[in-house]
Amino acid sequence: MQGLHGAAEPLFRTWWRFWHLGLCRALAPLQAAWDDFSQPVPASCGQLLTQLLLCASLAAAATGLTHHWLMSSLLFPPGPSAMVATVCGLLVFLGLGLVPPVRCLFVLSVPTLGTEQGRRLLLSYSAATLAIAVVPNILANVGAAGQVLRCVTEGSLESLLNTTHQLHAASEALGPTGQAGSRRLTFETLGNGSAFRLHMLGVTQQILEDFSGLESLARAAALGMQRVVTGLFMLGLLAESAWYLHRYLTDLGFDNIYATQQLAQRLAQAQATHLVACPPAWLLQAARLRLSQEELLSCLLRLGLLTLLLVAMAVTVATDHVAFLLAQAAVDWAQKLPTVPITLTVKYDAAYTVLGFIPFLFNQPPPQSPFLSAQRSFQWELRLTAAGCRLLPARRPGAAAPLTAGALQLLACATVLLDTYARRLRHAIAASFFAAQEARRVRHLHARLQRSYDRH
């Protein structure tokens with residue numbers, strides 16, 4: 001068994017060395033491109049060409065994303081969207097190619113998405129995406145259910161008035177016959193049935209118009225909120241990156257808590273490696289992937305708050321599906337309501353007797369002589385839905401908006417765990433663009449470690 005283990009260990013080491021060598025060779029062109037891109041002033045024509053190609057690629061990507069965002073999310077017309085996207089792409093290309101701090105600022109905005117500012121952007125965009133799709137859909141389904149109520153009310157009133165009219169016609173048709181026999185069939189309606197019908201139709205129509213107006217208002221408000229909030233948080237994202245870059249360039253102690261490779265080289269040259277033999281608690285290893293206990297506790301608390309937002313989003317989506325199912329059931333029920341044919345047959349027979357008490361004395365029925373006989377039939381249909389009332393179809397909930405909102409919220413949850421790594425990445429990006437400033441910061445950190453060592 002030990003011989004087998006001893007034979008497998010060199011094989012594993014060989015495989016690991018081969019894999020690490022292949023990965024380094026694959027990342028070498030990317031590292032070279034990053035070194036050329038982060039140079040403030042290109043030292044050769046090759047570096048200049050690499051910078052221009054990378055700036056043009058980033059500008060084209062920004063143009064495409066801006067155009068897609070303006071058209072699909074903010075619902076701007078195609079012409080203005082293309083114009084605004086083109087202008088933004090041109091400005092991005094000029095800024096990246098001519099101004100190195102702008103280039104650094106543009107790259108810093110990517111890891112800033114993993115910080116609290118980026119998390120706010122993702123959550124706000126997720127809420128706006130969900131609101132602009134789900135809330136109007138819920139109101140549309142409620143409106144479809146209200147249309148069912150209107151059609152059933154209108155049909156029931158029409159059937160009631162039609163029945164009243166037929167009964168009144170029957171009483172009128174039998175009126176002379178009944179009067180001849182000293183009896184009269186009468187049927188009267190109290191009040192104005194047509195006025196009541198018009199009043200009920202007006203009330204239901206006003207309710208549907210209110211729901212339609214509320215749906216349009218909710219859609220416009222959600223779209224406006226999405227535009228304003230997204231614009232503000234995009235500006236906030238750039239402002240956060242600019243604030244970090246400003247503090248990095250002006251304050252040597254700002255975010256200077258990482259044990260980097262430059263610090264290790266300086267301590268080795270100064271023969272002061274004992275300063276990090278027992279490092280202080282505030283010194284973080286920039287290359288270490290493991291999080292501290294304080295960082296893990298903070299991540300768990302933030303994940304708990306984001307879980308509540310996920311539950312609220314799930315409740316909203318469930319409400320949309322419940323409203324759709326109820327509206328669909330109401331529309332199907334109204335469509336399946338049958339038309340009931342009604343036939344009213346009125347038969348009137350009149351007879352008389354002469355000296356009818358005499359047969360009564362002998363316990364015999366008195367003889368009757370027919371006098372009048374009449375029979376009328378009236379036919380109509382009983383409709384529970386009005387023939388001229390169009391039922392609105394139930395609007396099925398879309399899957400794209402909830403999936404997009406859910407993906408954005410899951411990405412926001414991921415940024416909680418990536419927050420620490422995003423801060424380290426921001427420091428590494430700024431150090432790549434401003435090597436001289438990073439050297440001054442390393443000297444400042446060395447002096448701080450020396451003071452802490454002398455103090456303790």
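This is a predicted model: local features need pLDDT of at least 70, side-chain atom pairs count only at pLDDT 80 or more; totals for chains, interfaces and linings use all residues.
**Before starting**

Residues are numbered from 1 along each chain as its sequence is written, and side-chain values rest on heavy atoms, with hydrogens and water left out.

**The whole chain**

Display the chain as a cartoon. It contains twelve helices and four strands; these elements are DSSP runs numbered from the N terminus, helices being H or I with at least four residues and strands E with at least two. Of the 456 residues, 32% count as buried. Here buried means under 20% relative accessible area, exposed means over 50%, and partly exposed lies in between, with a 1.4 Å probe and protein chains only.

Switch to a surface view. The chain exposes about 27,900 Å², and carbon and sulfur atoms supply 67% of that area. Accessible areas come from the Shrake-Rupley method with a 1.4 Å probe, and for residues only the protein chains shown count as cover. Among contacts (heavy atoms within 4.5 Å) between residues at least 6 apart in sequence, 83% join residues at least 24 apart.

**First stop: the largest nonpolar core**

Select Cys104, Leu108, Phe433 and Phe434. Of the 15 residues in the largest nonpolar core, these four touch the most other members. Such a core is a set of buried Ala, Val, Leu, Ile, Met, Phe, Trp, Tyr and Cys residues joined through side-chain atoms within 4.5 Å. Helix 4 (100-112), helix 7 (193-250) and helix 11 (400-433) each give two or more residues to this core, and helix 11 gives the most, with four.

Now centre on Phe434. Leaving aside neighbours within four places in sequence, Phe434 is in contact with Cys104, Leu245, Tyr248 and Leu249.

**Second stop: the salt bridges**

How many salt bridges are there? The count comes to three, where a salt bridge is a side-chain nitrogen of Lys or Arg within 4 Å of a carboxyl oxygen of Asp or Glu.

Select Arg426 and Glu240 to begin. Their closest N and O atoms are 4.0 Å apart. Arg426 belongs to helix 11 and Glu240 to helix 7, so this bridge ties together parts that are 186 residues apart in sequence. Arg426 is buried at 3% relative accessibility, whereas Glu240 is partly exposed at 22%.

Next, select Arg247 and Asp251, whose side chains meet in a salt bridge at 3.2 Å, N to O. Arg247 is partly exposed, with a relative accessible area of 26%; Asp251 is partly exposed as well, at 29%.

Then move to Glu438 and Arg441, whose closest N and O atoms are 3.9 Å apart in a salt bridge. The two residues are three apart in helix 12 (residues 435-455), which means that about one helical turn separates them. Glu438 and Arg441 are both buried.

Select Trp243, Tyr244 and Phe254, which form one aromatic cluster. The chain has two aromatic pairs. Rings of Phe, Tyr and Trp (its six-membered ring) pair if their centres lie within 6.5 Å; planes under 30 degrees apart count as stacked, over 60 as edge-to-face and the rest as tilted.

The pair of Trp243 and Phe254 is edge-to-face, at 5.4 Å centre to centre and 80 degrees between the planes. Trp243 lies in helix 7, and Phe254, eleven residues away, lies in the loop between helix 7 and strand 1 (258-259). Are these residues buried or partly exposed? Trp243 is partly exposed at 40% relative accessibility, while Phe254 is buried at 13%.

Select Asn141 in helix 5 (residues 116-173). At 1% relative accessibility, Asn141 counts as buried. Not counting residues up to four places away in sequence, Asn141 touches Asp320, Ala323, Phe324, Ala327, Ala394 and Arg395.

**Last stop: a nonpolar surface patch**

Return to the surface view and select Leu90, Leu94, Leu98, Val99 and Val102. Together they form a nonpolar patch with about 430 Å² of accessible area. Patches are made of residues with over 30% relative accessible area and no salt bridge; like charges are joined within 9 Å, and nonpolar side chains (Val, Leu, Ile, Met, Phe, Trp, Tyr) within 5 Å. Helix 3 (residues 78-98) supplies the largest share of the patch, three residues. Leu94 lies in helix 3 and is partly exposed, at 40% relative accessibility.
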